[in-house]
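These are my notebook entries on one structure, written while I looked things up one at a time. I have kept the questions in, each followed by what I found.

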Amino acid sequence: MAQTSVESAHDASRTAAQDAAPTPETPSGDTLVIRGGKPLRGRVDVRGAKNLATKAMVAALLGDGPSILQDVPQISDVGVVRRMLDAYGVAVTSPEEGVLVLDPKNVERAHFAQIDALAGSSRIPILFCGPLLHRLGEALIPDLGGCRIGDRPIDFHLDALRAFGAVVDKSYEGIRITAPHGLTGANIELPYPSVGATEQVLLSAVKARGVTELKNAAIEPEIMDLIAILQKMGAIIWTEPNRTIFIEGVERLSGYTHRSIFDRNEAASWASAALATGGDIFVKGAKQLELLTFLNVFRKVGGAFDVQEDGIRFWHPGGTLRAAQVETDVHPGFMTDWQQPLIVALTQAVGTSIVHETVYENRFGFIDALVEMGADIVVHEDGLESVTRRVPRRKLEQAAVVTGPTKLHGANMEIPDLRGGFSHIIAALTAEGESRLTNLSLINRGYEHFAEKLRDLGADFSIED
Ligand code: EPZ
């Protein structure tokens, strides 16, 4: 591993208070006041994926040397993981903006109360299990947060850890996991291609004794990027075309140097914003392959896009938008995180659209506010039978029927969750009149410098306490 700049790095270790302190990117106020009706026009720079960077930071725990992660977004989810790693004795420094150096040399036990306090609303703590069991023989999981989009169970994770030989003790504080005899490779088949559970298996299997076979694995681009990181560290991982992954455990792993994949969710959010507001946005860093299914739907609805060397231009070509039928699915299907911003654009399309949410059981919570703004959307809690179905029906699925076009007017609303919240912002930008959105801090979890980006796109807004 090349000598890193850890020793020479400017000591950028900060306290939680400093991390949480408002910066131009994470504005101090918690209320966003938007005066809508203006097309968004301009360029935004989308950097590393929230849902890769946080996992890559955890993977650094497995190395016996420092790791360097580049293109790290300045979002609060990264801050949460940084503080948790710090609590476990990992030296995390930032020699320059967007770069983290993570040195796991002095990993040590942390106190339960400390981890519980630091974990906040993040679900990432569950992914510390494998690395901590390898390093310390023990892992503590506080009661997990994450967006209010269903009960977000962790049964697949705990079953996988037990398959590796870990012992899971549930107490009133949370969950204590130990591995008195270390972890041993196992044959695991996931009931559903869960992203988190796949990451759990990868982070546990790479240093387990023997071979692990994982069936029905998630294969999202962020998962493949995590596999690339683990391979750089010295792991031996095969992927097969039928969602099967083989991991051959190794004795030791080194640190890594890696530039994170771009954030597909943020790119799709800005693309939908361009469509809904009748605008034109160049998303620097966006790549076609990881957005293939989104681009198909974007085009079917009537959006125009142009794939360029350093990003993708998304614009409303004029004329009317067309209604569409969309089914969310695991990769390479239409991602569940893409439906919230797209639904705002569908309120402006002519005709009746149906969006089947098949991944989570409660992902239309943001729709109430859109209806208050004048949208015509009906949520069918038990889903909807429809003629042309590609994605197999799931018991938990729901469907939203969007009839358009409808004129949206400003409203006051509380941001419910990360992706739904961004849809509220897009709806407020689309609506005539003023909207006041509270609970703005939720947006900071996953969208870097969003206030600056709104300004660069010509939005008319202000931020108040
Ligand atoms: C990840 O969540 C992402 N979060 C989500 O993004 C994303 O929507 C989701 O994957 C699907 O792509 C992070 O990476 C931090 P899952 P995750 O395990 O891993 C069920 C955002 O805004 N399930 O693939 O939690 C679960 O209930 C977030 O960035 C179990 O039943 O998603 C759901 O129905 C929102 N038991 C389905 O699997 C388990 O143990 C998919 O969940 C685990 C999951």
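**Entry 1: strand S5**

How many of the residues of strand S5 (residues 99–103) are buried? Before answering I note that the model is predicted, that local features need pLDDT of at least 70, that side-chain atom pairs count only at pLDDT 80 or more, and that totals for chains, interfaces and linings use all residues. Residues are numbered from 1 along each chain as its sequence is written, and side-chain values use heavy atoms, with hydrogens and water left out.

I found that 5 of the 5 residues of S5 are buried, so the strand is largely enclosed by the rest of the structure. Here buried means under 20% relative accessible area, exposed means over 50%, and partly exposed is in between, with a 1.4 Å probe and protein chains only. Strands (E, at least two residues) and helices (H or I, at least four) are DSSP runs, numbered from the N terminus. In a regular strand the side chains alternate between the two faces of the sheet. I looked at both faces of S5 and found both covered, with Val-99, Val-101 and Asp-103 buried on one side and Leu-100 and Leu-102 buried on the other.

Next I looked up the partners of S5, where two strands pair if DSSP finds at least two bridges between them. Strand S3 (residues 67–70) runs antiparallel to S5 and is joined to it by 3 bridges, and Leu-69 stands opposite Leu-100. Strand S4 (residues 91–96) is also paired with S5 in the antiparallel sense, over 4 bridges, and Thr-93 has Val-101 as its bridge partner. S4 and S5 make a hairpin with 2 residues between them, and Gly-98 in the turn has a positive phi of about 90°.

**Entry 2: an open sheet**

I then followed an open sheet of 4 strands, in the order S9-S10-S12-S11 and with mixed pairing. Strands S9 (187–189) and S11 (236–239) stand at its edges with a single partner strand each, so one side of each has no neighbour in the sheet. The twist from one strand to the next averages 15°; for such angles, axes are lines fitted to C-alpha atoms, for helices over the stretch in contact, and angles run from 0 to 180 degrees between N-to-C directions. Within the sheet, S10 (residues 211–215) and S12 (residues 245–248) pair in the antiparallel sense over 4 bridges, with Thr-212 opposite Ile-247 in S12. Helix H7 (residues 195–205) packs on this sheet and touches S9, S10, S11 and S12, its direction making about 20° with that of S12.

In the loop between S11 and S12 I came to Arg-243, which has a positive phi near 60° although it is not a glycine. Arg-243 is buried, with a relative accessible area of 18%.

Is Thr-336 buried or exposed? Thr-336 lies in the loop between strand S18 (325–327) and helix H11 (339–346), and it is buried, with a relative accessible area of 6%. Leaving aside neighbours within four places in sequence, Thr-336 is in contact (heavy atoms within 4.5 Å) with residues including Thr-328, Glu-357 and Val-359.

Most residues other than glycine have a negative phi, and most peptide bonds are trans.

**Entry 3: confidence**

Last I checked pLDDT, the predictor's confidence in each residue from 0 to 100. The chain has a mean pLDDT of 91, and 92% of its residues reach 70 or more, but over residues 1–25 the pLDDT is below 50. Where pLDDT is low, the predicted coordinates should not be read in detail.
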